[in-house]
Amino acid sequence: MAILKVQNLKKQFGKTVVLRDIDFELQEGQAISIIGSSGSGKTTLLRCLNFLEIPDGGRIIVRDKTLFDGEDTSTHSEKEIRQNRLHFGMVFQSFNLFPQYTALENVCLAPRLLAKETGKTNTEEIRENGIQLLQNIGLGDRMDNYPHQLSGGQQQRVAIARALALHPDILCFDEPTSALDPELTGEVLRVIRGLAEENTTMIIVTHEMAFARDVADQVIFMDGGVIVEQGDARQVIDNPKEERTKQFLAGYNN
């Protein structure tokens, strides 16, 4: 079952076209890796899916519900945009944790705000869920630590737990290891690999080609705002069909 359908998605900033007719589907329990050079549109695609940017055309459909339709000229309210974002959990390059909150408070903050907005009072349940998430990623002993007391890898793992706390349909990663040194990269990739083994539905923008090949079900290669090639992860990375994909992957030693 396709949990996500992206159809003819477009985005431009001024006269610069960043995304042009992006089409793909994501099946439930599947992981897709998006690869490509800087400036190819990968991050903008994630930001459009999360409604951090509003597309200029196309459609975004989650669980057969159309979240965005470029032919619908009505303006989405801020409340509607917030509701749409709940379908996606976002893990950024630079962690984006709140420095004044502990690891556990960072994980629980969004669920508590959502519960307050909807009039629910499940504070203890939210806290217990946050504790469980941190324990699952190996940070049960760091719950009361503030971000500055954690390594970069630990901060990124807290960010992953925070994204999972709202139980999103799709978990999105934007270059989750780009700010980490090689030793810390491994611990974050192990967490993502574990999520893949649990059939967590994910979109992973990454420059880690071997990881994309081994963990993702599908790979999308983007260049110049378009999808150049997509298909089985090992097929695309080990035996790409398109010349541009071959040129890009030639720069990596797999």
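Arg-213 and Asp-214 form a salt bridge in this predicted model, with 3.3 Å between the closest N and O atoms. A salt bridge here is a side-chain nitrogen of Lys or Arg within 4 Å of a carboxyl oxygen of Asp or Glu. Arg-213 is buried, at a relative accessible area of 13%, whereas Asp-214 is partly exposed at 36%. Buried means under 20% relative accessible area, exposed over 50%, and partly exposed in between, with a 1.4 Å probe and protein chains only.

Asp-214 also pairs with Arg-234, where the closest N and O atoms are 3.0 Å apart. Because Arg-234 lies in helix H8 (residues 233-238) and Asp-214 in helix H7 (residues 209-215), this pair ties together parts that are 20 residues apart in sequence. Arg-234 is partly exposed, with a relative accessible area of 46%. A network of salt bridges links Arg-213, Asp-214, Arg-234 and Asp-238.

The structure holds 13 salt bridges. Another of them joins the side chains of Asp-169 and Arg-63, at 2.8 Å from N to O. Asp-169 lies in the loop between H5 and strand S7 (170-174), and Arg-63 in the loop between strand S4 (57-62) and strand S5 (65-69), so the two tie together parts 106 residues apart in sequence. Asp-169 is buried at 19% relative accessible area, and Arg-63 is partly exposed at 35%.

Residues are numbered from 1 along each chain as its sequence is written, and side-chain values use heavy atoms, with hydrogens and water left out. As the model is predicted, local features need pLDDT of at least 70 and side-chain atom pairs count only at pLDDT 80 or more, while totals for chains, interfaces and linings use all residues.

The protein has nine helices and 10 strands. Helices (H or I, at least four residues) and strands (E, at least two) are DSSP runs, numbered from the N terminus. Of its 254 residues, 49% count as buried. The C-alpha atoms fill a box of roughly 55 × 45 × 35 Å along the principal axes.

| Pocket | Volume | Lining residues by class |
|---|---|---|
| Largest | about 750 Å³ | 13 nonpolar, five polar, four charged |

A pocket is an open set of points on a 1 Å grid over the protein atoms alone, where a 1.4 Å probe fits, with protein on both sides within 12 Å along at least five of seven lines; lining residues have an atom within 4 Å of a point. Grid points are joined across faces, edges and corners, and the volume is the space filled by probe spheres set on them. Ala, Val, Leu, Ile, Met, Phe, Trp, Tyr, Cys and Pro count as nonpolar, Asp, Glu, Lys and Arg as charged, and the others, Gly among them, as polar.

The largest pocket is lined by 22 residues, of which Arg-85, Leu-86, Phe-88, Ala-110 and Leu-166 are the closest to its centre. Helix H2 (78-85), strand S6 (88-91), helix H3 (103-118) and helix H5 (152-164) each supply at least two lining residues. H3 gives the largest share, six residues.

The lining of the second largest pocket includes Pro-111, Leu-114, Lys-120, Glu-125 and His-167. H3 and helix H4 (123-136) are the elements that give two or more residues to this lining. Its largest share, four residues, comes from H3.
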